[in-house]
There are 2 protein chains.
Amino acid sequence: MDEINELMCEEPGTHDDVVGAVRESLPDDDTLYELADLFKMFGDSTRMKIMFVLMESEMCVCDIAELLGISQSAISHQLRILKQSKLISSRREGKNIICFLADDHVRSIIDQGLSHVLE
Amino acid sequence: MDEINELMCEEPGTHDDVVGAVRESLPDDDTLYELADLFKMFGDSTRMKIMFVLMESEMCVCDIAELLGISQSAISHQLRILKQSKLISSRREGKNIICFLADDHVRSIIDQGLSHVLE
DNA sequence: CTTTCATATGAACAAGTGTTCATGTGTTAT
DNA sequence: ATAACACATGAACACTTGTTCATATGAAAG
C-alpha cells in the first residue's frame, strides 16, 4: 500500500475525492472477473463465427464444422467452452446434438460490437 | 474441401438449403476478425477495470494506476492497446495525460454484459 | 453385437498475452 | 541546465489459449 501511494501524482484540489468516489462505484472483483470471462467468449473468431451461425439457425455440430470449414474437434472444444458460459445450449436428436443460443444478450452484445466496428 | 465434405452429417431434407443460407448471411472475414479483436479488449480484467473507471470520470494515468493498485507500467501498456482499438482517447494537461472513453458503445457493451452476468 | 456415424475429450504443441524490470522520452520547476 | 515527475516502451518471462492428433463415448442401424 505504501508503494502504491508513492505512485500517486500530485494533482491539487478534488483529486482524492474523485478517486475515492470512483473506487466506491466499481463492481466487486467477482463481477469484474465474470464480466471479463464473458467477453473472452466473444474475443475469439471461431467462437464468434459459431455464434453468428446460431443467430441464424440452430444447427448440429457437424454442420457447424462443415459450414465454417473448421475441424469437428476444434468446434467441439469451443462449444464446450460456450456452454460453460451459458451462451449456448444443446439437445440431442438421434445421433445429432443440436446447438442453439441460450441467451438473447448474445444478439445485443454482438450488435453493439458491430455498431462500433462498422462506424 | 473434399476432406471437409466428408465431415458433413447425413441429415436429410432441407439440410443443404439451411447451411447455404446461413453461409451467405455471415459477415465477411475482415468484419469478423475486427469484431473478435474488439471484444478481446473487454476480455481482460485490467482493461475492464480501466474502462469502468473511465465510465465514471476522466482521469490521468497515475490516478488510474493508484486507484486500481496496478503498476503504472501495466496500466500504460493496456492504455496503449485500448487507444489502438479507439475505445479511449487522451489529451495532455501539463505533466499529466488525461484519459477518457472515446466511444459511447463502451457503455452499451458493458451494460449488456452486466445484464448477462447478473441474471 | 458389431459397425458406423456424430460428438467429446485428453495430451501435446505452437502461438498469443499480460506483467515486471529497466530504461527512455517529454514536461515542469528550481 | 538539471533535477523531479508523469508517462511510454522494449525485452524477457511466465502463463494462457486454440488447434491438431489420437482415441473414447454414445446412439442407431444392419
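1. Let me begin with the surface near DNA strand D, where α6(B) gives the most, with six residues. Please keep in mind throughout that this is a predicted model. In total, 24 residues surround DNA strand D, and the closest are C9(A), D44(A), C60(B), V61(B) and C62(B). Two or more residues each come from α6 of chain A and, in chain B, from α5, α6 (72–84) and β3 (96–101). Sorted by class, the surface near DNA strand D holds eleven polar, seven nonpolar and six charged residues.

2. Next, the sheet in chain B. The three strands form an open sheet in the order β1-β3-β2, with antiparallel pairing. β1 (59–60) and β2 (88–93) of chain B are at the edges with a single partner strand each, so one side of each has no neighbour in the sheet. Between β2(B) and β3(B) there are six bridges in the antiparallel sense.

3. A residue worth a click is K86(B), which sits in the loop between α6 and β2 of chain B. Apart from neighbours within four places in sequence, K86(B) is in contact with A102(B) and D103(B). The C-alpha atom of K86(B) is also 9.4 Å from that of L38(B), although the two are 48 residues apart along the chain.

4. Turning to chain A as a whole, you will find seven helices and three strands. Read from the N terminus, the elements of chain A run α-α-α-α-β-α-α-β-β-α. Chain A has 119 residues, of which 30% are buried. Of the contacts in chain A with a separation of 6 or more, 48% are between residues 24 or more positions apart.

5. I also checked helix α3 (residues 29–41) of chain A. Its 13 residues should span 18 Å at 1.5 Å a residue, and the end C-alpha atoms are 19 Å apart, which agrees. Which residues of α3(A) are buried? They are L35(A), A36(A), L38(A), F39(A) and M41(A). The cover over the buried residues of α3(A) includes α4 (45–56) and α6 (72–84) of chain A, along with α3, α4 and α7 of chain B.

6. That brings us to the interface between the chains. Here 50 residues of chain B are in contact with 50 residues of chain A. On the side of chain B that touches chain A, at least two residues each are supplied by α1 (2–7), α2 (15–25), α3 (29–41), α4 (45–56), α5 (61–68) and α7 (105–118) of chain B. By class, the residues on this side of chain B are 26 nonpolar, 14 polar and ten charged.

7. Finally, how are the two copies related?

Conventions:
Residues are numbered from 1 along each chain as its sequence is written. Chains are lettered from A and ligands numbered from 1 in the order in which they are written. This is a predicted model: local features need pLDDT of at least 70, side-chain atom pairs count only at pLDDT 80 or more; totals for chains, interfaces and linings use all residues. Two residues are in contact if their C-beta atoms, placed from the backbone, lie within 7 Å. Helices (H or I, at least four residues) and strands (E, at least two) are DSSP runs, numbered from the N terminus. Ala, Val, Leu, Ile, Met, Phe, Trp, Tyr, Cys and Pro count as nonpolar, Asp, Glu, Lys and Arg as charged, and the others, Gly among them, as polar. A residue is buried if 20 or more other C-beta atoms lie within 10 Å of its own, exposed if 12 or fewer, and partly exposed in between; C-beta atoms are placed from the backbone. The expected span of a helix is 1.5 Å times one less than its number of residues. A residue is near a molecule or strand if its C-beta atom, placed from the backbone, lies within 6 Å of it. Two strands pair if DSSP finds at least two bridges between them.
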